[in-house]
Amino acid sequence: MRRELVSPGHGEMTYEIRNIVNVAEKLQKCGVKINWENIGDPIVKGEQIPEWMKKIVADETMHNESWGYCHTRGVLETREFICDLTNKRGGAQITPDDIIFFNGLGDAIAKIYGCLDPGTRVLVPSPTYTTHTLAESANAGSAPICYHLLPENNWFPDMQEMREKIIANPSVTAIMLINPDNPTGMVYPVETLKEIVALAKEFDLFIIADEVYNNIVYNGQKTVPISDVIGDVPAIALKGISKEFPWPGSRCGWTETYNFGRDTDFQKYVNSILTLKMNEVCSTTLPQRCIPAIMKHPQYPVYLEERTRRYEKMSNITWNFLKDVPGLAVNRTNGAFYMSVAFEKGRLKDNQSLPIENSEVRSLVEGLVNKQNVSPDKRFVYYTLAATGICTVPLSSFNTNLQGFRVTLLERDEKESERIYGILADKIREYLAS
Ligand SMILES: Cc1ncc(COP(=O)(O)O)c(C=O)c1O
């Protein structure tokens, strides 16, 4: 081409969460039975959507309005309903104009970072859900600026480091957090949230809080939405139905803007996000129209409770099997449906392996792990996948130098979960000793 089409860095972007699926599918063709412990889609993992919820959606399709465009910000009645939920908590007070609907939070994330001046940076967690970091660093044309979540401290953030990073990088104008967190399953203590808000206030920053898992908490924990503690600091919270209903295929999520009027730069920025959405007219109408009826349904809290109890059970089964394996840092998870496990420094080496009987599978895996620049945890994940069929995701693919793996807690059968994590624990011991 006359000029380069792709800016530096873009071409190399890989999305390991999806890559691992390609590898697993190849192994499947060689006869390996795969346990998909990498998947964050409850529907693919067998979640049964209740009849009452399906009926609400079916009834909504009978209204002509569900087939049309809606307001660029989203369906007004739904925005009013959501506003009420937030305002009733007594923290930040919003109006329907502070809400914008998107085609899933993936769409919101792309616009949130894409509308920033490339010289303006967002401090992001490490490890983290890479949709955020890929969008942020692509917009800035530079590597992410991170604060670390510490495996030795329940995956809580290093607050001293957060302050130091803000001071050392004057381009940082926002702090991003995910609560409850993907990929660690950590839930932010309210004190930590208050400290983050205080830092933002001190340095004139805004906050981006991804709260898509806000109502999926267990082990007696509570998530505090950022709106409860935000005071007068400008912020954007991201919420959605992909994980909660769960209806990921609806591609429906929204942002709530707090303290829009407090800062003219922030106003301009949020308006630029709205303008981008305006260019697309609006987001999908049907799921928005279903939200109030589903959330108000008497069975909704019962259903959500049943599911979070299940995640709690699966989390504790996983934790019980892995916590005593030497060489691992394993934290109990309290929210969302992921667990990240880190290997202690130096435990993974580039000559470790597991015996694989099937020669076709063995040569496929050896071909993959013997490529250049394969991280030690990717090597571990490929070997365990080939030797056991258990598909996890290397932790290093979540914007971190830590070595480890992430699993999802969406298995529905307790016995099967015990079987899977019993095998995984044994194989980790074997791999580390090899
Ligand atoms: C933290 C987090 N935010 C956002 C998303 C994307 O959600 P959506 O389906 O609304 O695009 C995910 C999906 O896994 C996620 O884990």
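**Close-up 1. Helices H2 and H9.** H2 passes H9 in a right-handed crossing, where a crossing is left-handed if the near helix is turned anticlockwise from the far one by less than a right angle, and right-handed if clockwise. The model shown is predicted: local features need pLDDT of at least 70 and side-chain atom pairs count only at pLDDT 80 or more, while totals for chains, interfaces and linings use all residues. Residues are numbered from 1 along each chain as its sequence is written. Helices (H or I, at least four residues) and strands (E, at least two) are DSSP runs, numbered from the N terminus. The axes of helix H2 (residues 51-60) and helix H9 (residues 285-296) come within 9 Å and cross at roughly 135°; axes are lines fitted to C-alpha atoms, for helices over the stretch in contact, and angles run from 0 to 180 degrees between N-to-C directions. H2 and H9 are therefore oblique to each other, given that angles under 35 degrees count as roughly parallel, over 145 as roughly antiparallel, 65 to 115 as roughly perpendicular and the rest as oblique. On the H2 side, Met 53, Ile 56, Val 57 and Glu 60 meet Leu 286, Arg 289, Cys 290, Ala 293 and Ile 294 of H9, two residues being in contact if their C-beta atoms, placed from the backbone, lie within 7 Å. The residues of this contact of H2 with H9 divide into 7 nonpolar, no polar and 2 charged; Ala, Val, Leu, Ile, Met, Phe, Trp, Tyr, Cys and Pro count as nonpolar, Asp, Glu, Lys and Arg as charged, and the others, Gly among them, as polar.

Close-up 2. The axes of helix H10 (residues 299-322) and helix H13 (residues 414-433) come within 9 Å and cross at roughly 25°, which makes H10 roughly parallel to H13. This crossing of H10 and H13 is right-handed. From H10, Lys 313, Met 314, Ile 317, Thr 318, Phe 321 and Leu 322 meet Glu 414, Ser 417, Glu 418, Tyr 421, Gly 422 and Ala 425 of H13, and by class the contact of H10 with H13 has 6 nonpolar, 3 polar and 3 charged residues. Helix H12 (residues 376-388) also approaches H13, their axes coming within 11 Å and crossing at roughly 125°, which makes H12 oblique to H13. The crossing of H12 and H13 is right-handed, and the contact is made by Phe 380, Tyr 383, Thr 384, Ala 387 and Thr 388 of H12 and Ile 423, Leu 424, Lys 427 and Tyr 431 of H13. By class, the contact of H12 with H13 has 6 nonpolar, 2 polar and 1 charged residues.

**Close-up 3. The surroundings of the ligand.** The ligand is surrounded by 13 residues, and the closest are Gly 104, Leu 105, Gly 106, Asn 182 and Ser 242; a residue is near a molecule or strand if its C-beta atom, placed from the backbone, lies within 6 Å of it. Helix H4 (residues 104-114) gives the largest share of this shell, 3 residues. By class, the shell around the ligand divides into 5 nonpolar, 7 polar and 1 charged.

Close-up 4. An open sheet of 8 strands has the order S2-S9-S8-S7-S6-S3-S4-S5, with mixed pairing, where two strands pair if DSSP finds at least two bridges between them. Its edge strands, each pairing on one side only, are strand S2 (99-102) and strand S5 (156-157). Strand S4 (residues 145-150) runs antiparallel to S5 and is joined to S5 by 2 bridges; the bridge partner of Leu 149 in S5 is Pro 157. Helix H5 (residues 130-140) lies across strand S3 (121-126) and strand S6 (172-178), running at about 150° to S3.

**Close-up 5. Backbone details in three loops.** Most residues other than glycine have a negative phi, and most peptide bonds are trans. Ser 126 and Pro 127 are joined by a cis peptide bond with omega about 0°, and Pro 127 is found in the loop between S3 and H5. The peptide bond from Asn 182 to Pro 183 is also cis, with omega near 20°, and Pro 183 is found in the loop between S6 and helix H7 (190-203). Asn 154, in the loop between S4 and S5, has a positive phi of about 60° although it is not a glycine.
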